[in-house]
Number of protein chains: 2
Amino acid sequence: MNLILIQPNEMNDGDRVHLSGERAEHIRGVLCATPGKLLRIGLLNGPKGTGTVEELRGKDVVLSCTFETENPPRPAVDLLLALPRPKVMKRLWAQLAALGVGRIILTNAEKVERCYFDSHVLEPDFYTARLIEGLQQAGDTILPDVRIIRQLKPFLEDELDSVFPNIGKRFLADPSGTQNIFQCLEKPGEKCPMSGKILLAVGPEGGWTPYELEMFAACGFQTFHAGPRILRTDTACVALLSTLTLLSATDEK
Amino acid sequence: MNLILIQPNEMNDGDRVHLSGERAEHIRGVLCATPGKLLRIGLLNGPKGTGTVEELRGKDVVLSCTFETENPPRPAVDLLLALPRPKVMKRLWAQLAALGVGRIILTNAEKVERCYFDSHVLEPDFYTARLIEGLQQAGDTILPDVRIIRQLKPFLEDELDSVFPNIGKRFLADPSGTQNIFQCLEKPGEKCPMSGKILLAVGPEGGWTPYELEMFAACGFQTFHAGPRILRTDTACVALLSTLTLLSATDEK
């Protein structure tokens, strides 16, 4: 935990918060905090701040909190991901939140097994805890929006433009791409960093079907290849998301 | 398995190979191969090729093999990594081999616990099996060289230049860097893709110490920051390695 996240409804005693459970254990056991110690804190979907340890009370910890005036920015990259096997998705939640992603849209696809949608790893209580774990690792407060889409086609045709307006860039990773991501982003006379919102689509094990690729192309997705190596979904997500995040961060400097 | 890897000493019957165990199970169960089916194969540290299923004999599979004339290229990026916790290292082996890395140099550092070096995840039989799993996923045949360094300072001072000649680029990821990796790579008038060998150094949880950072700087490492988010070692390795690999692959086109 590089930041202790506090839920807004826990702030029910002025600027003081009473923590118990895992966060209190971490503060006592790992950070070895004693009264007066300053800790990095954040309000979920709100600003970051500083918590001063006021008191260790039994197993609990009491912090007095001050917060910055502005929220951290929402990450520039959104992810549309064909739902991977539950075992893989379970591991991915925290990594995605740590890398920084604005939205996570999990969709069906021809090569996604229907039963994956019945997994407990798609229950909000389950994934919210994992996302918070990733935010606390990365030092962020902004919880990614999660949407679970059981039918890809109507989503792309009817909803995509409102969820992700057309002014952003839409990219799709597929071996059929003739350019890699840097070549996709370069325009004559421009260097590769870019600005604005990005939506990245990552396919299932086995890839998108030709019909699905056509649907994405019709929605303005540019296809790029991620090199000759075939990566597991989780490795591919981390690899592509981090590359796009680094590129978009470069532009802000 | 996107490629079935065969050890050179298994080719003891002309161009035919008898496979049993996991690979035979995969060929029969997942690929549902029958005689005549063509499979992507590769010789460990040798060329890729094609295997024709000749016979299913009990639980075994007999393939007749033809190989390309040239080996695939060794990946352009080498990794020097402060040894992470055994649980993390266990997961990393296959991912590193899948992403493609020429050498994996695992070192000690001030913030690496000594006991990590006694873990079974550093035994050659253990990690070679994991590396082969990653190669079979990615469709590569070239096993990364692995070196385990218990003392960082003498290695940097006495061995680094022979293991990794000075003509390559040396990069170190650390929050103290004032540029990100793209800014590090850009020279006036040049775009960010680059050529030649790259050595990437990734520190332990908690980072390198100022003394260690000085040693790396003295060895010609350029420091870059990987953005404001603090990533777990395994996420950071996948993120940085893939970004550098994509960048170096861009240059080859």
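Me: Contact means heavy atoms within 4.5 Å. How many residues does the contact take from chain A and from chain B?

Reply: This is a predicted model, where local features need pLDDT of at least 70, side-chain atom pairs count only at pLDDT 80 or more, and totals for chains, interfaces and linings use all residues. Residues are numbered from 1 along each chain as its sequence is written, chains are lettered from A and ligands numbered from 1 in the order written, and side-chain values use heavy atoms, with hydrogens and water left out. Both chains contribute to the contact. Chain A gives 36 residues and chain B gives 36 residues.

Me: What area do chain A and chain B bury between them?

Reply: The size of an interface is often given as the accessible area lost when the parts come together. Here buried area is the accessible area (1.4 Å probe) that two parts lose on being put together, summed over both. Carbon and sulfur atoms hold 58% of it. The total for chain A and chain B is about 3,100 Å².

Me: Which residues in chain A lose the most area to chain B?

Reply: Three residues stand out, together giving 22% of what that side buries. They are R229(A), I230(A) and L246(A).

Me: How many helices and strands does chain A have?

Reply: Helices (H or I, at least four residues) and strands (E, at least two) are DSSP runs, numbered from the N terminus. The C-alpha atoms of chain A fill a box of roughly 60 × 45 × 35 Å along the principal axes. Chain A has 7 helices and 11 strands.

Me: What share of the residues of chain A count as buried?

Reply: Buried means under 20% relative accessible area, exposed over 50%, and partly exposed in between (1.4 Å probe, protein chains only). Chain A has 253 residues. The buried share is 53%.

Me: In helix 1, is H26(A) buried or exposed?

Reply: H26(A) is found in helix 1 of chain A. Leaving out residues up to four places away in sequence, H26(A) touches M1(A), I4(A) and L31(A). Its relative accessible area is 13%, so H26(A) is buried.

Me: And V30(A), buried or exposed?

Reply: V30(A) is also placed in helix 1, residues 21-30. V30(A) and M1(A) are 29 residues apart in sequence and 9.4 Å apart in space, C-alpha to C-alpha. At a relative accessible area of 57%, V30(A) is exposed.

Me: How many salt bridges are there over all chains?

Reply: Side chains of opposite charge can pair when their charged atoms come close. A salt bridge is a side-chain nitrogen of Lys or Arg within 4 Å of a carboxyl oxygen of Asp or Glu. Between chain A and chain B the count is 2. Over all chains it is 22.

Me: Which residue meets D234(A) in a salt bridge?

Reply: D234(A) is buried, with a relative accessible area of 2%. The N to O distance is 3.1 Å, and the partner is R91(A).

Me: Why does the pair of D118(A) and R150(A) tie together parts of the chain?

Reply: The closest N and O atoms of D118(A) and R150(A) are 3.9 Å apart. D118(A) lies in the loop between strand 7 and helix 3, and R150(A) in the loop between strand 8 and helix 4. So the pair ties together parts whose separation in sequence is 32 residues.

Me: Which residue of chain B meets D140(A) in a salt bridge?

Reply: D140(A) is buried, at 5% relative accessible area. It lies in the loop between helix 3 and strand 8 of chain A, and its partner in a loop of chain B, so the pair joins two chains. The side chains meet at 3.0 Å, N to O, and the partner is R229(B).
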